[in-house]
Amino acid sequence: MALTASPDAQRILLDVQALDTTLQQLAHRERSLPERAVVDALTAEADVMREFVIQRRGELEDARIELGRVESDVAIVEARIARDGDRLQASSSVKDIAGLEHELESLRGRLGDLEEIELSVMEKVEALESELASATASLEAHQQQLADAEAARDAGLASIAAEVAAARSQRAAIVATVPDDLLALYEKQRERYGVGASHLRARVSSASGVELTGSDLAVVRAAAPDAVLLCPDSNAILVRTDESGL
């Protein structure tokens, strides 16, 4: 048996469809919110900057370890020079003196080499400390920028969520006035075809944007006012009003 519903009940479907369209638009706005892209871009940049900081921090720790090792070697050589110097002062053996002088010469050469290495490593440590401090400051500033962008995104999402809640509340109140069988057909067609109700205005279906053919218009004109019709192009419920041009 063909479904029937009062013209008023059918016209209510246009309001339901308008709200469903609004909800679809809000869902699209939520997905494509520009603030989302900004946050994503800043997050990706922050990840790169954080990785750079971690890398430089590791290099600095390695350089400091190397510096400590060189400083230890310098201290050892300086101690040996001091010890051999004392032994040289105390020795009266020509042979021992010659041996100590030779060893001291070698130690002083070794000390010179170590001091050059020490200076080079110290410069490396200072450069890494400066680079790390700059990178850390940039990362902190970037993280603040990211936090601001996240706050803007969250505010945008909250605004959309409020609009969604209002539309859903309004929809719930409206659909409560629609007969169950008519609403079930609306939901079925909307789920299948994307649009549940189509306004026939000036012989054009709003869902398809296509003007009905002569034979389709004849069927519509011959139908009882409470007959529930489907748009031949969109399969949405075709709602007739005074604007339909019939």
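UniProt lists residues 60–152 as "coiled-coil region" in an unreviewed entry; such positions follow the numbering used here, feature names are shortened, and annotations may be inferred rather than shown by experiment. Over residues 60–152 the chain is 97% helix and 0% strand, with the end C-alpha atoms 37 Å apart. Helices (H or I, at least four residues) and strands (E, at least two) are DSSP runs, numbered from the N terminus. A further annotation from the unreviewed UniProt entry, "domain: CT398-like coiled coil hairpin", covers residues 16–194.

The model is predicted: local features need pLDDT of at least 70, side-chain atom pairs count only at pLDDT 80 or more, and totals for chains, interfaces and linings use all residues. Residues are numbered from 1 along each chain as its sequence is written, and side-chain values use heavy atoms, with hydrogens and water left out.

**Helix packing**

Two packed helices are described by the angle between their axes and the distance between the axes. Axes are lines fitted to C-alpha atoms, for helices over the stretch in contact, and angles run from 0 to 180 degrees between N-to-C directions.

| Helix pair | Angle | Axis distance |
|---|---|---|
| H1 (residues 7–31) and H3 (residues 94–175) | about 160° | 10 Å |
| H1 and H4 (residues 180–193) | about 40° | 11 Å |
| H2 (residues 34–90) and H3 | about 165° | 6 Å |

Angles under 35 degrees count as roughly parallel, over 145 as roughly antiparallel, 65 to 115 as roughly perpendicular and the rest as oblique. H2 and H3 pack at about 165°, and H2 is therefore roughly antiparallel to H3. H2 passes H3 in a left-handed crossing, a crossing being left-handed if the near helix is turned anticlockwise from the far one by less than a right angle, and right-handed if clockwise. The contact of H2 with H3 comprises 33 nonpolar, seven polar and 27 charged residues. In this classification Ala, Val, Leu, Ile, Met, Phe, Trp, Tyr, Cys and Pro count as nonpolar, Asp, Glu, Lys and Arg as charged, and the others, Gly among them, as polar.

H1 and H3 are likewise roughly antiparallel to each other, and H1 passes H3 in a left-handed crossing. Their contact (heavy atoms within 4.5 Å) includes Ile-12, Val-16 and Leu-19 of H1 and Leu-157, Ile-160 and Val-164 of H3. The residues of this contact divide into 11 nonpolar, one polar and seven charged.

H1 and H4 pack at about 40°, which makes H1 oblique to H4. Here the crossing is right-handed. Ala-9, Gln-10, Leu-13, Val-16, Gln-17 and Asp-20 of H1 meet Leu-182, Tyr-186 and Arg-190 of H4. By class, this contact has five nonpolar, two polar and two charged residues.

**Salt bridges**

The structure holds 18 salt bridges, each a side-chain nitrogen of Lys or Arg within 4 Å of a carboxyl oxygen of Asp or Glu.
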